[in-house]
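I opened this notebook to record what I looked up in the structure.

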Amino acid sequence: MKTVVVVFSDPRSGTEESLGRLFNGLFLTYELKDKNQDVTLVFQGTGSHWPEALIKEDHPAHALYMAVQDKAIACGGCADVFGATSGVESAGVKLVRNKDIPGTTGILDLSLYLDEGARLVTF
């Protein structure tokens, strides 16, 4: 069964809660990848700011993120709306815009994963 780990937390909030949610999302992604399970890490909403922060070597989650970076994608429309597009691109994370939504450049459609029977776990 596929698992999609979705990170919504906003790194710009600067709170331990936001960082804790990120770490838990990365932990789960790492654990599933380590078990050779089908997992995708999605940065959605304001969470689209994380990739730019995580590629910095001094970030506390950098090493863990690097271990799961190959599983990461980001919502293109979210990145555009929240001003994170260049940061996502500079981090080398694929921007996905597979659903047209009025007022956006297209979003990552999480419902497609549900249609396929995947589990969504949000942080």
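The entries below treat the fold, the surface and the nonpolar cores in turn.

**Entry 1: fold.** I noted first that the model is a predicted one. I counted six helices and five strands in the protein. Reading along the sequence, I found the order β-α-β-α-α-β-α-α-β-α-β. I then looked up the radius of gyration, which is 13 Å; the globule rule gives 14 Å for 123 residues, so the protein is as compact as a globular protein of that length. Along the principal axes, the C-alpha atoms fill a box of roughly 35 × 35 × 25 Å.

**Entry 2: contacts and surface.** Among contacts with a separation of 6 or more, I found that 66% join residues 24 or more positions apart. The accessible surface is about 6200 Å², and carbon and sulfur atoms hold 51% of it. I listed 11 positive and 16 negative side chains, with the centres of the two sets 4 Å apart.

**Entry 3: interior.** I recorded 48% of the 123 residues as buried. In soluble globular proteins, nonpolar side chains tend to be buried together. The largest nonpolar core here has 25 residues, and Leu 22, Leu 26, Leu 41, Phe 43 and Tyr 65 have the most contacts inside it. Elements giving two or more residues to this core include strand S1 (3–7), strand S2 (39–43) and helix H3 (62–68). Helix H1 gives the most, with four residues.

**Entry 4: Leu 41.** Which residues does Leu 41 touch, leaving out those up to four places away in sequence? I found Val 5, Val 7, Leu 26, Tyr 65 and Ile 73 among them. I also noted a second, separate core of 11 residues, including Val 6, Val 42, Ile 73 and Tyr 113.

Technical notes
Residues numbered from 1 in each chain as written. Predicted model: local features only at pLDDT ≥ 70, side-chain atom pairs only at ≥ 80, totals over all residues. Heavy atoms only, no water. Rg over C-alpha atoms; globule rule 2.2 N^0.38 Å. Buried < 20%, exposed > 50% of the residue type's maximum accessible area, 1.4 Å probe, protein only. Contact = heavy atoms within 4.5 Å. Areas by Shrake-Rupley, 256 points an atom, 1.4 Å probe, with all protein chains shown as cover. Lys, Arg positive; Asp, Glu negative; His and termini not counted. Charge placed at Lys NZ, Arg CZ, Asp CG, Glu CD. Core = buried A, V, L, I, M, F, W, Y, C linked by side-chain atoms within 4.5 Å.
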